[in-house]
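Here are my notes for you, in numbered points. Keep the model open while you read and look up each residue as we get to it.

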Amino acid sequence: ASPFAFGFYLNPKNYTKTTRNHIIKYLKENGIESRNLVAGNLAKNPVFETYADKIKKDNLPNADILHDLGMYLPIHQGITKDDVYSMTYFLEEFFQ
């Protein structure tokens, strides 16, 4: 996968919203900040209700996937190789 706009999308086999939430909790317990992807399906954001007649929020399957499963992992310029190894270690541990 490739990083985008400070986010990193994971799509392992049998990945669900519950799995994502468990990953975030597990990483936090191990000192790694992560969070749900903020954007996802913007059409579901209340601010877009005024455009409901133009945007069909229930017909955006790819945006829904990002909305439900997307998460941010730290990928900023201050990340060291040791940080990457640590994240990799804990993600591999989680999925074993």
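1. Start with K17 and D68, whose side chains form a salt bridge with the closest N and O atoms 3.9 Å apart. A salt bridge here is a side-chain nitrogen of Lys or Arg within 4 Å of a carboxyl oxygen of Asp or Glu. K17 sits in helix α1 and D68 in helix α2, so this pair ties together parts that are 51 residues apart in sequence. Helices (H or I, at least four residues) and strands (E, at least two) are DSSP runs, numbered from the N terminus.

2. A word on what you're looking at: this is a predicted model, where local features need pLDDT of at least 70 and side-chain atom pairs count only at pLDDT 80 or more, while totals for chains, interfaces and linings use all residues. Residues are numbered from 1 along each chain as its sequence is written, and side-chain values use heavy atoms, with hydrogens and water left out.

3. The cut-offs are under 20% relative accessible area for buried, over 50% for exposed, and partly exposed in between (1.4 Å probe, protein chains only).

4. How many salt bridges does the whole structure have? The search finds 4. One of them joins K25 and E29, at 3.8 Å from N to O. Both of these residues lie in helix α1, 4 residues apart, which is about one turn of the helix, and both are exposed. Another links R35 to E33, with the closest N and O atoms 3.7 Å apart; R35 is partly exposed, at 46% relative accessibility.

5. Back to helix α2, which covers residues 61-69: its buried residues are A63, D64 and L69. They pack against α1 (17-29) and β4 (71-72), where contact means heavy atoms within 4.5 Å.

6. Now for the rings. There are 4 aromatic pairs, counted when rings of Phe, Tyr and Trp (its six-membered ring) have centres within 6.5 Å; planes under 30 degrees apart are stacked, over 60 edge-to-face, and the rest tilted. Among them is the edge-to-face pair Y26 and F90, at 6.1 Å centre to centre with 70° between the planes. Y26 is in helix α1 and F90 in helix α3 (residues 81-95), so the pair ties together parts 64 residues apart in sequence. Y26 is partly exposed at 21%, whereas F90 is buried at 17%.

7. F90 also makes an edge-to-face pair with Y89, at 5.0 Å centre to centre and 80° between the planes. Y89 itself is partly exposed, with 46% relative accessibility.

8. Which residues make up the largest nonpolar core? Its 11 members are Y15, I23, I24, L27, I32, L69, M71, L73, M87, F90 and L91. A nonpolar core is a set of buried Ala, Val, Leu, Ile, Met, Phe, Trp, Tyr and Cys residues joined through side-chain atoms within 4.5 Å. The elements giving two or more residues to this core are α1 and α3. Leaving out residues up to four places away in sequence, F90 touches Y26, L27, N30 and I32.
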